[in-house]
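The following exercises are meant to be worked with the sequence and the model side by side. Each one sets a task and then goes through the solution step by step.

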Amino acid sequence: MRLTDLALQRLPHPQKGQKTYRDDVVPGFGLRVGTRSKTFVVMYGAQRRLKTIGKYPDVSLSDARREAKRFLAIQGDKKRSRAFPDARWVYLDECLERIRPATIQQYTRCLHLLDFKADVSEITRADLTPYLRVPHATISFKTFFNWCIRNDLIDRNPLVGERVTIPKARTRVLTPKEIKMVWHYNDPPFSDILKLLILTGQRRGEITAIQPEWITDVLTIPASVTKNKHEHIIPYGQLTKQYLHPYSFNGWSKSKARLDKVIQIPHWTIHDIRRSYATIHASIGTPIHITEKLLNHVSGTHAGIVGVYQRHAYMGEMKHAVSTYEDYISKITAV
């Protein structure tokens with residue numbers, strides 16, 4: 001039968017034993033109905049082994065079908081699932097459910113560097129050597145091969161023991177003179193977004209994702225957008241209000257390149273603005289825990305048990321810090 005949500009609800013529980021209803025959509029997938037519960041299962045392999053996916057309705061029909069397809073792609077057809085392009089596709093598809101979009105983009109870009117059509121178990125360290133100069137590529141491949149081991153596609157990670165050298169964390173902070181140069185650069189909407197980054201210290205992805213409903217007497221960035229998956233509520237002043245509205249923008253590289261041709265600031269990135277924001281707050285006397293609240297940091301003074309039990313939002317202190325900060329920015333950017 002074709003399993004549907006309505007059909008699942010109507011399937012009766014037997015008085016004893018259990019009955020399995022096979023799905024016409026995904027071969028091997030079905031629902032096993034017992035006297036008290038209904039469980040999604042998938043049958044696979046020459047010996048017709050049975051794997052339990054989860055109980056209905058705790059697991060939805062669509063999610064169960066998706067998991068069955070993923071599992072069958074790996075276990076059901078060994079020849080196809082072991083081919084590197086197919087294993088890569090299944091892996092990246094699974095990543096969509098649990099990893100941040102930016103990380104998935106990194107994995108996708110790095111794994112597609114390798115043009116390899118044969119069995120994934122035949123990939124050697126020599127095949128990967130040309131791509132290991134980039135730390136992100138090494139991490140992406142090592143993570144992928146560990147996933148292959150967990151799914152019985154390979155027995156050993158070809159990159160086991162490969163060291164990853166992560167570049168030292170940047171410490172670049174823009175000087176007041178450099179901030180003034182960026183502030184007076186004129187190339188809307190990019191230049192307006194830069195001003196908003198200077199004024200709020202938020203991440204560029206959070207700023208360009210702003211929706212009208214996020215803006216009230218405070219700016220509320222939902223957990224689905226923030227890096228740490230914590231809702232972020234911050235106050236703003238009159239100077240920030242001038243630039244606080246939704247932006248439709250994705251031309252970061254080209255816009256930054258145009259800026260660099262106009263103003264001569266050595267060795268800087270857009271993210272340096274966020275670090276400069278924190279540094280300025282320290283210089284004007286903002287307590288570190290208030291700066292961390294403004295930046296939505298949860299790994300510093302608000303980490304662990306402190307973050308769980310500290311319910312004080314510090315909104316008053318944050319408003320004072322924002323006001324003092326805007327006064328400082330107005331002063332250093334004055335013509």
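**Exercise 1. Work out how far the sulfur of Cys-95 is from the closest cysteine sulfur, and whether the cysteines are buried or exposed.**

Solution. Start from the sulfur of Cys-95: the closest cysteine sulfur belongs to Cys-148 and lies 11 Å away, which is too far for a bond, given that a disulfide is a pair of cysteine sulfur atoms within 2.5 Å. Seen from the other end, Cys-148 is in no disulfide, and its nearest cysteine sulfur is that of Cys-95. A search of the whole structure accordingly returns zero disulfides. Next, take the accessibility, where buried means under 20% relative accessible area, exposed over 50%, and partly exposed in between (1.4 Å probe, protein chains only). Cys-95 has 0% relative accessibility and therefore counts as buried, and Cys-148, also at 0%, counts as buried.

A note on the basis of these values: this is a predicted model, in which local features need pLDDT of at least 70 and side-chain atom pairs count only at pLDDT 80 or more, while totals for chains, interfaces and linings use all residues. Residues are numbered from 1 along each chain as its sequence is written, and side-chain values use heavy atoms, with hydrogens and water left out.

**Exercise 2. Describe the overall make-up and extent of the protein.**

Solution. Begin with the secondary structure, for which helices (H or I, at least four residues) and strands (E, at least two) are DSSP runs numbered from the N terminus; the protein has 16 helices and six strands. Then compare the radius of gyration, taken over C-alpha atoms, with the globule rule of 2.2 Å times the number of residues to the power 0.38. The radius is 26 Å, well over the 20 Å that the rule gives for 335 residues, so the protein is more spread out than a compact globule. The C-alpha trace spans about 80 × 55 × 40 Å along the principal axes. Finally, 42% of the 335 residues count as buried.

**Exercise 3. Identify the buried residues of helices α8 and α14, and what covers them.**

Solution. In α8 (residues 176-183), the buried residues are Glu-178, Ile-179, Val-182 and Trp-183. They cover an arc of only 140° around the axis, which puts them on the same side of α8; the arc is that of the directions from the helix axis to the C-beta atoms. Their cover includes α9 (190-200), α11 (238-241), α13 and α16. Turning to α14 (residues 288-295), Ile-290, Thr-291, Glu-292, Leu-294 and Leu-295 are buried, and among the elements covering them are β6 (232-235), α13 (272-283) and α16 (315-333). After α14 comes Asn-296, with a positive phi near 65°.

Methods:
Contact = heavy atoms within 4.5 Å.
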